[in-house]
Amino acid sequence: MRPTAAAALLAALAVAALVADHLWSVGALALGLLCVCLRAGRRARPYLWGTLVSAGLVFLLSPLLQSTGWHVLWSGPVVPVLGRLDVTREELWVAALNALRLAAVGLAFAVYALLLDHDRLIAAATGRRSVLAAVLATRLVPTFERDAAGLVEALRGRNLAPEGLRGHAALLSPLLAGSLERGTNLAEAMEARGFGRPGRTRLPSPPWRALDVAAVAAAVAIVVVAIWL
Amino acid sequence: MAVASVEQLTFAYPGAPPAVGDVSLSVEPGEVVLLLGASGSGKSTLLRALAGLVPWFHGGRFAGRVEVAGLDTRRVRPAELAGVVATVFQDPEDQVVLAQVEHEIAFGLENVGAPPAAILPRVHDALAAVGAEHLAGRRIAELSGGELQRVCLASALALEPQLLLLDEPTSQLDPDGAEAFLDHALAGDAAVVISEQRPAAALARADRVVFFENGVVLLDAPRDAAIAWLDEHRPAWTSLQPSNSLLQASVSSHTLTHDPRNSLLQGRGGAVVSRVSDAVFAYPTGPRVLDGASLELRCGEVVALTGPNGSGKTTLAKLAAGLLEPAGGAVERTGRAAFLLQDPGRYLVSETALAEVALGADGRRARCALADVGLAWAEARHPRDLSSGERERLALATVLVDAPDLLVLDEPTRGVDPERKAELARLLRAQAASRATLVVTHDVPFARAVADREVSLGTRREALVA
Amino acid sequence: MRSRSAQIGFGIALAAAAAVAFATHASALALLLAAAALIVGGMTWIDGGPTSAKEVTLIATLAAAAAAGRVLMAPIPDVQPVTVIVVVTGVALGLRAGIAVGASAAFVSNFFLGQGPWTPWQMLAWGLCGAVGALAAPLLRGRVRLAVGCFLLAYVYGFVLDVWNWYGFYPHTWSSFVARQAAGFPFDSAHALGNVALALAAGPELRRLLERYGKRLHTVIVWS
């Protein structure tokens, strides 16, 4: 599936989760996204942990932090600033809904980060200058990281290993200076390749396949259904 | 009709003395012109003037006239010259813009407004022209330096230029990669103006040679006449070895083919400064680079470590200097070691040259070290204002100032002109008695000139196709 | 804003956000749409500025260097240089550069560290830091004053990052607001202290470096 279509589908699922009112529908969305996430295997673990923690916090804390509803399940002490701590069935229901929503959105982003081909996605949008800056930056990060490692290694080679925060912070200036030099060379190469000239054309993108169209149609349908329900 | 003509070009970068003075030159269609000269002598400035980058990109004082394919660079900006002229610069990392090979090559074509339907076929034709069709679907981040430089060449050739400008394009490549690159670059119909520090390979392929010194053209002649002139007036550039009779007398090297499973012959000389025994090493993300390698370095001798890309030379050198710990085997060291990385001009951290050298020692020894490398005049200058050759000398001073017992240099002759190479060899030999020296290099003539002993690492794994 | 399609897109997103916001059960979506609208609008505004190769590479270079700087500071826990670099960019190079570098740095570093629902908020938060740096530039010229500015901006950053989490998913009561902000306080304080340390150690040097570079962006040619 082309990444733009997949991204649209994921966005639709996240929007649907945020709009839907019923616990079962949001739960189903979260579960479905979780299954897709698990396809990434071990890499998914940090994302899953993060989502669990954030969603868990919502579920555990929000009932204590409000006082609505009638079916009190537990009543606790009065605490300064926070007021009376109590838990009602209505509060639990709202908390569960919000926690599942957060989980669904978090998982949608996780699927995007783990399974989508970022390069192709960005390539689709490179027309705009601001996106080109982001693409260029992404390409430059590994180079600059190597330069940063080189700075540290060069100092170690001179028996001057950087120590502590001041030592490492002192390398920020040379790192930036070297990066700016590389940037200037890059700008020169870009101009030499015609950048900035009016009359720019685009490499034609591969045609939309049936699966892509289906994904976008499904995305629209999901949002409509979620709003309707 | 000449493809390019330069008439009495005089140019100075902002706040600097003239980089070229009164240069005149013309380039015929299909001709290959080789520019030779020390770093800072004006070759790069001429190339940039032909591309219009001088003066439009850099600013400065411009006098004279440069005309390319009938377009006057006073009136036409570099971006507009792009389809007619194409340039390949020295460092591929500083030229590549996008993340995938095909998009990268298409970038130039998109900029010049090529018809969309024709873009992808031209991309593939260009990849074929440089022998890199197998790279078509790959990501830029996965490519080696040599492969990246081929992609840059393909990007330039895809524009189908009349004039191809190459600014030291092979300085980051090993000798085999350089030969392959030049073969592909000079194969087409375009006129080529190329500047090189490693003249041998390019001289064989050039039609005409132009020699620069201090911004002025000393020689502009067809190849055979030029070689004769260089032999007489600037022999460093045509002889394979740095010309120094002292060096030739002291050379006594013999090559040992190093099988990683056997231990190495011992060196002759003084006390052992570093001994690596049966070291095994693998980087966290890759296969074993060294498997049972051994090396012994003694005080008073200079050892050259040679071998193709990927054979583990740099890794072995770092183990010997104590920068890395082996996963197996042992490294015994005495005294202090200093390691000079590749491309050391990139890693300068201070605001003045003197402060840079004085990081490792006191002011007096720093001044001496600067004087030793001929940079006493640059004490108060900012390191990044110095030329690349001067920066490398500064970096050398920073490792010498401390008088280390073991000095390791990783590829010190990359992109360095022959005269500088000879000076470096002289300096290393002059100081050889006081320490052990290890030089990792591709440059076999330099190794022969500077070393007492040469160790050659066989291929441990497939050399990257450069 | 220049392009028609961007104006239309901005308008639709804003309208949708408003409509959904009235449906109180979808406050998270409303705020997310508002953020998206801000980002799209910001991109369009930045696109409208000068766009030579030098300008584009300047933004890209600083954003990438800020992201790579995290690797440099890795041995020191909880200290990342992005905020200080973004603020100094705003101070030295102006509003457009500050916002663009801030937003790009967020996007780029998450490219390597992992994107999450916080990415648009990081873009807005760091973009805001860059903007504040530019607008308050005369106030942030000294070493200590820059450090104080970066200290405060860490809390602003933390607030922007957390506001969606609170507004969208927690009950809208004062107690929950206080509790949520209190939960974030240790992280924001670590961020603030890290900023102070970096700004004191390297702030003015970085600013001078960028100012010198900024001057070289404008080339002057003398013909003869």
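At what angle do helix 2 and helix 7 of chain C pack?

## Two helices of chain C

This report describes a predicted model. In chain C, helix 2 (residues 27–47) packs against helix 7 (residues 143–169) at an angle of about 150°. The axes of these two helices are 7 Å apart.

The contact can be followed residue by residue. Helix 2 of chain C contributes C:Ser27, C:Ala28, C:Leu31 and C:Leu32, while helix 7 of chain C contributes C:Trp164, C:Tyr167, C:Gly168 and C:Phe169. Of the residues in this contact, six are nonpolar and two are polar, and none is charged.

## The sheet of chain B

Chain B contains an open sheet of six strands, arranged in the order 6-7-8-3-9-10 with mixed pairing. Its edges are formed by strand 6 (85–88) and strand 10 (216–222) of chain B, each of which pairs on one side only. On average, neighbouring strands of the sheet are turned by 15° against each other, direction ignored.

Within this sheet, strand 3 (residues 32–36) and strand 8 (residues 191–195) of chain B run parallel and are joined by four bridges. In one of the pairings between them, B:Leu34 has B:Ile194 in strand 8 of chain B as its bridge partner.

## Helices on the sheet

Helix 1 (residues 43–51) of chain B lies across strand 3, strand 6, strand 7 (163–167), strand 8 and strand 9 (208–213) of chain B. Relative to strand 7 of chain B, helix 1 runs at about 150°.

Helix 9 (residues 223–233) of chain B also packs on the sheet, where it touches strand 9 and strand 10 of chain B. The direction of helix 9 makes about 130° with that of strand 10 of chain B.

Technical notes. Residues are numbered from 1 along each chain as its sequence is written. Chains are lettered from A and ligands numbered from 1 in the order in which they are written. This is a predicted model: local features need pLDDT of at least 70, side-chain atom pairs count only at pLDDT 80 or more; totals for chains, interfaces and linings use all residues. Axes are lines fitted to C-alpha atoms, for helices over the stretch in contact, and angles run from 0 to 180 degrees between N-to-C directions. Two residues are in contact if their C-beta atoms, placed from the backbone, lie within 7 Å. Ala, Val, Leu, Ile, Met, Phe, Trp, Tyr, Cys and Pro count as nonpolar, Asp, Glu, Lys and Arg as charged, and the others, Gly among them, as polar. Two strands pair if DSSP finds at least two bridges between them.
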